[in-house]
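Subject: Structure handover

Hello,

I am passing on the structure we discussed. Please look it over before reading my notes.

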Amino acid sequence: RPGNSKHQTGIGIDINTYPAASFKWMVNHAHRFGFKRRIAGESWHWEYLPNQAIYEIAMDHESWRGEEAIV
């Protein structure tokens, strides 16, 4: 619907994930840079959600001790 696009808000981006190795890299590494794939049927559509990436990095960090992450 007009006015509800993630692209319009600056969150959504379409990335050429061809060849397949590019898509595989995105699936394995995009979260480190704040990108998530949120529409299963669209391999090209990614959304920039940096706060979630910061949380995931904190969870994986060696010094993580179970406290709530400040995001």
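The notes below go from the overall fold to single side-chain pairs.

Confidence. Please keep in mind that this is a predicted model. The mean pLDDT of the protein is 78, and 70% of the residues reach at least 70. Helix α2 (residues 20–29) has the highest confidence, with a mean of 93, while helix α3 (residues 50–60) has the lowest, with a mean of 66. Over residues 62–71 the pLDDT stays under 50, and the model gives this stretch seven contacts beyond four places in sequence.

Fold. There are three helices and three strands, and along the sequence they come in the pattern α-β-α-β-β-α. The strands make an open, antiparallel sheet with the order β1-β3-β2. Its edges are β1 (12–14) and β2, each of which pairs on one side only. Between β2 and β3, which run antiparallel, there are two bridges.

Surface and contacts. The protein has 71 residues, and 15% of them count as buried. Its accessible surface is about 5600 Å², with 56% of that belonging to carbon and sulfur atoms. Among contacts with a separation of 6 or more, 34% are between residues 24 or more positions apart.

Aromatic pairs. The structure contains two of these. Trp-25 and Phe-33 make a stacked pair, with 6.1 Å centre to centre and 20° between the planes. The label follows from the angle, because planes under 30 degrees apart count as stacked. Trp-25 has a relative accessible area of 42% and is partly exposed; Phe-33, at 45%, is also partly exposed.

The other pair, Phe-35 with Tyr-48, is tilted, at 5.1 Å centre to centre and 50° between the planes. Phe-35 belongs to strand β2 (residues 35–36) and Tyr-48 to strand β3 (residues 45–48), so this pair ties together parts that are 13 residues apart in sequence. Phe-35 is partly exposed, with a relative accessible area of 22%. That value falls in the partly exposed class because buried means under 20%. Tyr-48 is partly exposed as well, at 38%.

Salt bridge. How many salt bridges does the model have? The count is one. It joins the side chains of Arg-38 and Glu-47, with 3.2 Å from N to O. In general, side chains of opposite charge can pair when their charged atoms come close.

Loop. Glu-42 sits in the loop between β2 and β3. Its relative accessibility is 26%, which puts Glu-42 in the partly exposed class. Glu-42 and Asp-14 are 28 residues apart in sequence, and their C-alpha atoms are 9.1 Å apart in space.

If you check the pairs yourself, the entries to start from are Arg-38 with Glu-47 for the salt bridge, Trp-25 with Phe-33 for the stacked rings, and Phe-35 with Tyr-48 for the tilted rings.

Regards

Methods
Residues are numbered from 1 along each chain as its sequence is written. This is a predicted model: local features need pLDDT of at least 70, side-chain atom pairs count only at pLDDT 80 or more; totals for chains, interfaces and linings use all residues. Side-chain values use heavy atoms; hydrogens and water are left out. A salt bridge is a side-chain nitrogen of Lys or Arg within 4 Å of a carboxyl oxygen of Asp or Glu. Helices (H or I, at least four residues) and strands (E, at least two) are DSSP runs, numbered from the N terminus. Buried means under 20% relative accessible area, exposed over 50%, partly exposed in between (1.4 Å probe, protein chains only). Contact means heavy atoms within 4.5 Å. Accessible areas come from the Shrake-Rupley method with a 1.4 Å probe; for residues, only the protein chains shown count as cover. pLDDT is the predictor's confidence in each residue, from 0 to 100. Rings of Phe, Tyr and Trp (its six-membered ring) pair if their centres lie within 6.5 Å; planes under 30 degrees apart count as stacked, over 60 as edge-to-face and the rest as tilted. Two strands pair if DSSP finds at least two bridges between them.
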